[in-house]
Amino acid sequence: MPTKVKCLASLEAGKYPVPSTVARRDLRSDDIEIKILYCGICHSDIHHVRSNWGPDGYGYPVVPGHEIVGKVFRVGLEVSKFKVGDSVGVGCMVDSCQTCATCKNDREQYCNSTTFTYGSLDRRDGSRTYGGYTETIVVTEKFVLSIPETLDLAGAAPLLCAGITTYSPLRRWDTHPGSKVGVVGLGGLGHMALKLAKAMGADVTLFSRSQGKAEDAKRLGADQFVISSDPEQMKAVAGQFDLIIDTVPYNHDVNPYVKALVPEGSLVLVGYFGPLEPTVNSAPLVLRSQNLAGSLIGGIKETQEMLDFCGQHKIMSDIEVINARDLHSAYERLVKGDVMQRFVIDITTL
Ligand code: NDP
Ligand code: ZN
């Protein structure tokens with residue numbers, strides 16, 4: 001019998017999540033049931049419930065949340081990687097075909113059958129997936145991550161999305177001691193990019209619209225803070241960066257960031273998915289052999305590698321733990337960009 005659990009669910013397009021219930025499936029032989037303790041709030045949750053990416057394709061309710069940590073509560077008959085009581089996490093994906101070339105290459109995020117943690121259909125039984133704003137989740141063991149003992153569970157939750165989404169491009173573009181890295185936007189992803197790039201030895205500059213975030217950027221380790229709306233400050237950093245990771249969630253002018261790259265440097269968009277206005281001038285890109293790229297989360301193997309790296313370096317997200325009833329005010333602050341860390345829901349308050 002499926003189990004009914006308490007949750008926060010968006011009940012129709014454009015509506016913020018409210019207290020509700022959903023059903024969790026019985027365990028399959030390779031499933032793990034997790035008692036969720038904390039779930040981070042990603043700006044993607046807001047895009048979903050505000051229908052910024054269109055109304056949800058698989059209908060409502062939508063239970064957001066893909067930065068999930070908790071303890072293993074039950075395991076299926078064939079589970080071998082985890083045991084009851086282990087500290088575990090779940091990120092943006094809960095399944096994929098596991099047989100195609102991208103899955104075999106540990107890039108499950110590009111599989112044609114990727115099952116996302118919420119707003120997706122289970123590839124085996126066609127049921128809707130519900131995310132981490134709930135008491136429990138049932139996930140195939142391949143997609144469950146191990147949380148290192150050195151990490152506090154609430155501070156580790158945002159690593160499951162904000163951490164891997166910024167770690168992956170930092171690694172792909174070979175960040176090392178002496179690399180000059182720029183990060184655009186000091187929010188959930190931005191502050192993780194900053195911490196991870198510093199741990200890899202980079203010199204890091206934070207680009208922000210908000211003068212009020214300068215002190216926090218420095219406290220988090222930024223070597224330099226640039227107000228992105230100030231043309232003089234932008235001019236002063238032209239031609240400096242090997243890599244810039246742009247986490248801004250909405251359309252904005254990326255041309256000034258192209259100008260800030262060294263020849264052969266790369267601007268990697270992770271925040272906004274859509275047509276860019278004003279359009280990108282390709283002249284500097286071509287004349288200086290630069291790259292304009294995008295990046296989507298990371299595979300399961302790389303996510304575990306990122307968690308182990310964070311465990312070794314004791315890297316966690318800066319967090320504000322909130323009660324479930326304060327979700328809407330947290331969402332409003334995120335919409336305004338008035339946050340420089342992650343909100344994490346204490347799931348015991350559901
Ligand atoms: P946050 O809201 O935590 O941070 C975004 C930051 O962007 C803000 O703090 C602000 O920083 C800056 N910003 C600039 N313009 C705006 C604006 N118009 N409105 C709001 N903020 C603005 O978001 P997250 O870090 O959680 O997510 C960032 C984006 O990344 C989202 O679009 C999300 O969907 C996407 N995402 C992509 C993933 C991927 O795989 N590619 C995975 C996860 C998330 P400042 O004040 O410093 O300018
Ligand atoms: Zn996310």
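**Cavity and ligand sites**

Guide: About 70 Å³ of space lies in the largest cavity. This is a predicted model, in which local features need pLDDT of at least 70, side-chain atom pairs count only at pLDDT 80 or more, and totals for chains, interfaces and linings use all residues. Residues are numbered from 1 along each chain as written, ligands are numbered from 1 in the order written, and side-chain values use heavy atoms, without hydrogens and water.

Visitor: What is a cavity?

Guide: Rolling a probe the size of a water molecule over the atoms shows where empty space is left. A cavity is a set of points, on a 1 Å grid over the protein atoms alone, where a 1.4 Å probe fits but cannot get out; lining residues have an atom within 4 Å of a point. Here the lining includes G91, C92, M93 and L145, and it divides into 7 nonpolar, 3 polar and no charged residues.

Visitor: Which residues coordinate the zinc ion (ligand 2)?

Guide: Donors are N, O and S atoms within 2.8 Å of the metal (3.2 Å for Na, K and Ca). For this zinc ion they are C42 (SG), H66 (NE2) and C161 (SG), at 2.0 to 2.2 Å. C42 and C161 are 119 residues apart.

Visitor: Is C42 buried or exposed?

Guide: Buried means under 20% relative accessible area, exposed over 50%, and partly exposed in between (1.4 Å probe, protein chains only). C42 is buried at 3%, and C161 is buried at 5%.

Visitor: How many residues surround ligand 1?

Guide: There are 30, each with a heavy atom within 4 Å of the ligand. S208 places a polar side-chain atom 2.6 Å from a ligand 1 oxygen.

Key. 1 Å grid on protein atoms, 1.4 Å probe; cavity = no way out; pocket = protein on both sides within 12 Å on 5 of 7 lines; lining within 4 Å. Points joined across faces, edges and corners; volume = space filled by probe spheres on them. Nonpolar A, V, L, I, M, F, W, Y, C, P; charged D, E, K, R; others polar. Helix = DSSP H or I, 4+ residues; strand = E, 2+ residues; numbered from the N terminus. Polar contact = N/O pair within 3.5 Å; in protein donor to acceptor, adjacent residues only side chain to side chain.
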